[in-house]
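Please look over the sequence and the model below before reading on. The report that follows starts with the whole chain and then turns to single residues.

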Amino acid sequence: MTTEKPAEIVGRCPICKRPTDATYRPFCSRRCSDVDLQRWFAGSYAIPAIEVDDPDMEGGDLEIG
Ligand SMILES: [Zn+2]
């Protein structure tokens, strides 16, 4: 009977909840690191709601009506 405990519990990836990889901590992989980074940037830049009105819609839609 062996009670093997993880040598070093760094934590869990905040993205996918998998064990953290020392290389990419606090994430488990570069992918998750990227994901978090993108989220961070998204919040940092405070990108407004994506409402790209199509220029063609203006006027053109009215003409149709
Ligand atoms: Zn992850």
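## Overall picture

Helices (H or I, at least four residues) and strands (E, at least two) are DSSP runs, numbered from the N terminus. By that rule, the protein has 2 helices and 0 strands. This is a predicted model, in which local features need pLDDT of at least 70 and side-chain atom pairs count only at pLDDT 80 or more, while totals for chains, interfaces and linings use all residues. Residues are numbered from 1 along each chain, as its sequence is written.

A residue is called buried if 20 or more other C-beta atoms lie within 10 Å of its own, exposed if 12 or fewer do, and partly exposed in between, with the C-beta atoms placed from the backbone. Of the 65 residues of the protein, 6% count as buried. Two residues are in contact if their C-beta atoms, again placed from the backbone, lie within 7 Å. Among the contacts with a separation of 6 or more, 0% are accounted for by residues 24 or more positions apart.

## The segment before α1

Helix α1 covers residues 30–45, and P26 lies in the segment before it. The peptide bond that leads from R25 to P26 is cis, with an omega near 5°.

K17 is found in the segment before α1 as well, and it has a positive phi of about 70° although it is not a glycine. Is K17 buried or exposed? K17 counts as exposed, because it has 9 C-beta neighbours inside 10 Å.

R18 also has its place in the segment before α1, and it is exposed, with 12 other C-beta atoms within 10 Å. If residues up to four places away in sequence are not counted, R18 touches R12, C13 and C28. The C-alpha atoms of R18 and S29, which are 11 residues apart along the chain, are separated by 9.3 Å.

Which residues does C32 contact, leaving aside its neighbours within four places in sequence? C32 is in contact with C13, I15, C16 and F27. For one of these, I15, the C-alpha atom is separated from that of C32 by 6.0 Å, although the two residues are 17 residues apart along the chain.
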